[in-house]
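Colleague: I am new to this structure. Please take me closely through one part of it, and then connect that part to its surroundings.

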Amino acid sequence: MKQIAILSGKGGTGKTTITASLAVLAKNAVVADCDVDAPDLHMLLHPEVIKTQEFKGSKLAVIDEEKCTECGLCREKCRFDAITEDFKIDYIACEGCGVCTIICPVKAITLTERISGHAYISKTKYGFMAHAMLSPGEANSGKLVTLVRQNAKILAEREHSDLIIIDGSPGIGCPVIASVAGVNAGLVVTEPTMSGIHDLKRALQLLRHFNVPPFVCVNMCDINEDNANKIVSFCREHGIEFVGKIPFNPVVTEAMVNGKPIVEYALESDVAKEIENMWEKTLSALQYGSG
Ligand code: SF4
Ligand code: SF4
């Protein structure tokens, strides 16, 4: 089974458009939406949820009113101001650090697990999908990404699918690291701007660190041909597989407004054709070039 992660140094490069199209082209791949903080792949793939799991990724302090002597020590020591004047825990402010449980002289405080989000297993018209949503204000998105990837693997094994397409979250932080660990390839979607080039280099560094073979494509390449060519040259100089230059075309926005992947909405468009070419190149390198 192969796993390919689609990445971008930041949001807004067209990663979701491309991932959704690859899910259509791949046929029988399992899709894992690892952008658990702000998932948007569902807007194009329209998953029908068949299983929901609670994700308990953080802790919450609970005060036993029977035991509490209202000495005030916990309020004094909680650096998140999460304990109110009448000794109740502020659900939003509590970080579950556990200091109050140590400090309380009568052991009136315990830590409990709290639901930090939900993971879903769904069916789409293009295949199965694992995805999730972190609750507002919650941390630990890396752990939730790991759960999404585990679910995707179980689905792929069950459905005899030999490919998992992972939509990584933008940036290079913890959830992205959880998205790329152990994958067979990382496809970085970038744009031909100076910040795009900068973000591309950071994403490539991350892939190198995790020994993941990198692939690069430039989205909206014709908005700055010079920068697009710089990216191509950079990849050539560093032995990085460059797989596609996707042109700008307003039909992409039209497809998104209509909630459809571009390769389905406008199959004959230059964008769809280039995404198809890019997929062929990536797939052949993935099957024959990396273990
Ligand atoms: S430290 Fe313990 S006893 Fe004191 S106010 Fe807090 S919960 Fe109550
Ligand atoms: S667990 Fe930490 S953040 Fe939560 S109330 Fe106790 S000291 Fe404050």
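Modeller: Strands E1 and E9 pair in the parallel sense, over four bridges. The model is a predicted one. In E9, alanine 185 is the bridge partner of isoleucine 4. E1 also pairs with strand E8 (residues 163-167), again parallel, over five bridges. There the partner of isoleucine 4 is isoleucine 165 in E8. So how enclosed is E1? Five of the six residues of E1 (residues 2-7) are buried, so the strand is largely enclosed by the rest of the structure.

Now follow E9 to a helix. The buried residues of helix H8 pack against strand E9 (185-190). They also pack against helix H7 (194-209), strand E10 (214-219) and strand E11 (241-246). Which residues of H8 are buried? They are Ala228, Ile231 and Cys235. These three cover an arc of only 55° around the axis, which puts them on the same side of H8. An α-helix has 3.6 residues a turn, so residues three or four places apart point the same way. The opposite face looks different in its cover: turned away from the buried side of H8 are the exposed residues Glu225, Asp226, Ser233, Arg236 and Glu237.

Next, the length of H8. The helix runs over residues 225-237, which makes 13 residues. At 1.5 Å a residue they should span 18 Å. The end C-alpha atoms of H8 are 18 Å apart, which agrees. After H8 comes glycine 239, with a positive phi near 65°.

H1 (residues 15-26) has twelve residues. From its first C-alpha to its last it reaches 16 Å, close to the 16 Å expected at 1.5 Å a residue. Is H1 enclosed or open? Twelve of its twelve residues are buried, so H1 is largely enclosed by the rest of the structure. Among the buried residues of H1 are Lys15, Thr16, Ile18, Leu22 and Leu25. H1 is followed by lysine 27, whose phi is positive, near 55°.

Further along sits strand E7 (residues 127-134). It is mostly covered, with seven of its eight residues buried. Strand E2 (residues 30-33) pairs with E7 in the parallel sense, over two bridges. Alanine 32 stands opposite alanine 130 in E7. Strand E6 (residues 117-124) pairs with E7 too, but in the antiparallel sense and over eight bridges. What do E6 and E7 form? They form a hairpin, with two residues between them.

Ligand 2 has 13 residues around it, and Ala61, Cys78, Cys94, Cys97 and Cys100 come nearest. The shell divides into ten nonpolar residues, two polar and one charged. Cys78 leads on to valine 99: leaving aside neighbours within four places in sequence, valine 99 is in contact with Lys77 and Cys78. Valine 99 lies in helix H4 (residues 99-103). Is valine 99 buried, exposed or in between? Valine 99 is partly exposed, with 15 other C-beta atoms within 10 Å.

Key. Residues numbered from 1 in each chain as written. Chains lettered and ligands numbered in written order. Predicted model: local features only at pLDDT ≥ 70, side-chain atom pairs only at ≥ 80, totals over all residues. Expected span 1.5 Å × (residues − 1). Buried ≥ 20, exposed ≤ 12 C-beta atoms within 10 Å, placed from the backbone. Arc of directions from axis to C-beta. Contact = placed C-beta atoms within 7 Å. Near = placed C-beta within 6 Å. Nonpolar A, V, L, I, M, F, W, Y, C, P; charged D, E, K, R; others polar. Pairing = 2+ DSSP bridges.
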